[in-house]
Amino acid sequence: MGPMPGAQAPQQIFTIEQLVALNPYNPDILPDLESYVEEQVATQTYSLDCNLCLLRLYQFQPARMNVHIIIKILVKALMALPATDFSLCMFLIPERLQMEETFLTLATLAHFLETSRFREFWDEANRNRDILEVVPGFEQAIQGYAIHVLSITYQRLPRTLFAEAINVEGLSLDKVLEHQVNNNGWALEKGGKVVVLPLNEDNQPVLRRNTADSIPLEHVAKILPVLV
């Protein structure tokens, strides 16, 4: 049975993802995307595609650019490491904006994280809490990233190095280690001074035994300089 004469058809409700898929270059969805960034911050959720769409729209509508929204997008992108989201977002931000102090700070923080310079990262982050604390869960996300990096890099490491990487000490550090031991197969040695990480394909050297992978001696002779 069809709708009653004169009755209005129910309005179709689209999700933000559907709006982006249907209208990726329509500036009319810009307010919806900005609201969605705030929702991501409030609910600790994340949508890279929607945020990239918003940054692209800002390129076409520079007068409507909201710097505070862009900063939140970049902080959320940092929290997504080891994914390359931060670089993807920065690529869509005007160069003049990238030269401003806040954006230079975020780029510096990203560089420290990408190069595993965690002590320098936390020092810089502590000096810029006003930028980072607008997004709940930032510290916990970066600690998770640091643990990921350590787990694919080390088989065992000093407790002090682990503490430095996640910027935690004392009883809080004990709780983090206890959780990892109980849930993720970690172990402690030497009275808790050494952290032992589970073996995985990344944190152990692999000796290639396939002769097809070896380099013939005559090729080595061509590569290495002749010593006289």
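# Reading a helical chain, one feature at a time

Author: Let's start with Asn-167, which is partly exposed, with a relative accessible area of 33%. Keep in mind that this is a predicted model.

Reader: Where does Asn-167 sit, and what about its phi?

Author: Here's the general idea: most residues other than glycine have a negative phi, and most peptide bonds are trans. Asn-167 isn't a glycine, yet its phi is positive, about 60°. Its place is the loop between helix H11 (159-166) and helix H12 (170-184).

Reader: Which loop holds Lys-190, and what is its phi near?

Author: Lys-190 belongs to the loop joining strand E2 (187-189) and strand E3 (194-196). Its phi is near 55°, again a positive value in a residue other than glycine. Lys-190 has 66% relative accessibility, so this one counts as exposed.

Reader: You also mentioned peptide bonds. Is the one from Leu-81 to Pro-82 cis or trans?

Author: That bond is cis, with omega near 15°. Pro-82 is in the loop between H4 and helix H5 (85-91).

Reader: Let's look at H4 itself, then. How far apart are its end C-alpha atoms?

Author: They're 19 Å apart. Helix H4 covers residues 67-79, and at 1.5 Å a residue its 13 residues should span 18 Å, so the two values agree.

Reader: How many residues of H4 are buried?

Author: First, the general idea: an α-helix has 3.6 residues a turn, so residues three or four places apart point the same way. Now the case here: 11 of the 13 residues in H4 are buried, and the helix is mostly covered. Among the buried ones are Ile-70, Lys-72, Leu-74, Lys-76 and Met-79.

Reader: Can we zoom in on one residue of H4? Which residues does Ile-69 contact?

Author: Ile-69 is in helix H4, and its 4% relative accessibility is why it counts as buried. Setting aside neighbours within four places in sequence, Ile-69 touches Glu-34, Val-37, Glu-38, Leu-54 and Tyr-58. Take Glu-34: it is 35 residues from Ile-69 in sequence, but their C-alpha atoms are 6.8 Å apart in space.

Reader: What about empty space? How much lies in the largest pocket?

Author: The general idea is that rolling a probe the size of a water molecule over the atoms shows where empty space is left. Here, the largest pocket holds about 150 Å³. Helix H8 (118-127), helix H9 (129-132) and helix H10 (138-151) each give two or more residues to its lining.

Note on methods:
Residues numbered from 1 in each chain as written. Predicted model: local features only at pLDDT ≥ 70, side-chain atom pairs only at ≥ 80, totals over all residues. Heavy atoms only, no water. 1 Å grid on protein atoms, 1.4 Å probe; cavity = no way out; pocket = protein on both sides within 12 Å on 5 of 7 lines; lining within 4 Å. Points joined across faces, edges and corners; volume = space filled by probe spheres on them. Helix = DSSP H or I, 4+ residues; strand = E, 2+ residues; numbered from the N terminus. Expected span 1.5 Å × (residues − 1). Buried < 20%, exposed > 50% of the residue type's maximum accessible area, 1.4 Å probe, protein only. Contact = heavy atoms within 4.5 Å.
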